[in-house]
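Subject: Structure for you to look over

Hello,

Here is the structure I promised to pass on.

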Amino acid sequence: MVFYYIKKIKLNIVSYYYRRKFSLDCNEGVCHGPIMPGFVFKHTVCLAVYPSHMHLGDQLFHLPLIHRLVSQGISVHILGQTPLAFLFKSMGCEIRAKGQSCAGSVIITKVDCLPEIVNERGGYFLGLNYRDMTGDERIGDLIFNSVRAVLSQWISVKKTDFSGVSSHLDALKPGNYSWPSGPVLLVNDCVKSDRVSAFFRRKQLWKLALKMSKNKTVVFIGEASRRPLPQWVHYDYRGQIPIPMIFSLCQKNAQRITVVTFDTFIAHMGVL
């Protein structure tokens, strides 16, 4: 955990150096500008989802943006390996292999990913800091508004409706899981990016889950663990259900699922 924060601090320092070096324009959670002079936009957007920088939950924030860009004829390419590749592909994105050039593309990612992008000499960096974005809309719409403002230098992008990802998941099957037919309480009591805090707050989360479990079937998911669970848990699926299956089960049963978790992937997925 300590190494995680040390790495974050290092990335922030290096990112600040490059922001100054490339004279990026930074305001209200957005830093942008060409990595080298003479940028020419080629109607392509690259979303850099390097797992060491952008958690799965953060990647979900960009789904409304992807939907709107692809539906209006703008090519969206995904940079970096991600367990969500199946979802991005279903939405019309192309998965780029490491080393492929992003020349002529606007490269969207978190602002502290800049050190990973500096070698994309023909690209235009658009870094986001979600915490500094202002407004009353959902974070996905705030991201879209910020990206649209930058893209307006070259093209106009409309804010079309985004009704979630259910239509992209029709081909997925729930698998051989004993999924209850009635109301479900889905619980994940582990979070990789904040293990220390989660350790001290886990009992509080269990108390909340127990309080909300009345007339519900309790299902635990998340990373594999041998940690004993409370006796009121009906199904222990920790480490057993692949991410595509979690999507399929939750999106197709959204009206009867309640989620109790920390700031995790499943929490982000619940607000799509």
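Helices (H or I, at least four residues) and strands (E, at least two) are DSSP runs, numbered from the N terminus. That matters at once for the loop between β1 and β2 (30-34), where glutamate 28 lies.

Before the rest, the ground rules. This is a predicted model, in which local features need pLDDT of at least 70, side-chain atom pairs count only at pLDDT 80 or more, and totals for chains, interfaces and linings use all residues. Residues are numbered from 1 along each chain as its sequence is written, and side-chain values use heavy atoms, with hydrogens and water left out.

Overall picture

The protein has nine helices and 11 strands. Of its 272 residues, 49% count as buried. Buried means under 20% relative accessible area, exposed over 50%, and partly exposed in between (1.4 Å probe, protein chains only). Contact means heavy atoms within 4.5 Å. Among contacts with a separation of 6 or more, 68% join residues 24 or more positions apart.

Positive phi

Most residues other than glycine have a negative phi. Glutamate 28 has a positive phi, near 50°. Glutamate 28 is exposed, with a relative accessible area of 52%. Serine 23 is not a glycine either, and its phi is positive at about 50°. Serine 23 sits in the loop between α1 (2-21) and β1 (25-27). At 61% relative accessibility, serine 23 counts as exposed.

Cores

A nonpolar core is a set of buried Ala, Val, Leu, Ile, Met, Phe, Trp, Tyr and Cys residues joined through side-chain atoms within 4.5 Å. Which members of the largest core touch the most other members? They are Val106, Ile108 and Leu151, out of 54 residues. A second, separate core has 14 residues, including Ile35, Tyr50, Ile107 and Val118.

Leaving aside neighbours within four places in sequence, isoleucine 108 is in contact with residues including Val45, Leu47, His62, Leu65, Leu126 and Val147.

Histidine 62 and α3

Histidine 62 lies in the loop between α2 (56-60) and α3 (63-71). Is histidine 62 buried or exposed? It counts as buried, at 0% relative accessibility. Histidine 62 and isoleucine 108 are 46 residues apart in sequence and 9.6 Å apart in space, C-alpha to C-alpha. Not counting residues up to four places away in sequence, histidine 62 touches Leu47, Met54, Ile108, Leu128, Tyr130 and Ile143.

The charged end of arginine 68 sits over the ring of phenylalanine 144, 4.8 Å from its centre. The rule there: NZ of Lys or CZ of Arg is within 6 Å of the ring centre and within 35 degrees of the ring normal.

Aromatic pairs

Rings of Phe, Tyr and Trp (its six-membered ring) pair if their centres lie within 6.5 Å; planes under 30 degrees apart count as stacked, over 60 as edge-to-face and the rest as tilted. By this rule there are eight aromatic pairs. Tyrosine 17 and tyrosine 18 have ring centres 5.1 Å apart and planes at 65°, so this pair is edge-to-face. Tyrosine 17 is partly exposed at 48% relative accessibility, whereas tyrosine 18 is buried at 19%.

Tyrosine 235 and tyrosine 237 make a stacked pair, because their centres lie 5.7 Å apart and their planes are at 25°. Tyrosine 235 is partly exposed at 28%, and tyrosine 237 is buried at 9%. Ring pairs also link Phe39, Phe41, Tyr124 and Trp154 into a cluster.

Cavity

On a 1 Å grid over the protein atoms alone, a cavity is a set of points where a 1.4 Å probe fits but cannot get out; lining residues have an atom within 4 Å of a point. Grid points are joined across faces, edges and corners, and a volume is the space filled by probe spheres set on the points. The whole structure holds one cavity of 30 Å³ or more. The largest cavity has about 30 Å³ of space. Trp179, Leu186, Ile221, Ile241, Ile246, Leu249 and Cys250 line it. Helix α8 (residues 243-252) gives the largest share of that lining, three residues.

Best wishes

Definitions and conventions: 1 Å grid on protein atoms, 1.4 Å probe; cavity = no way out; pocket = protein on both sides within 12 Å on 5 of 7 lines; lining within 4 Å.
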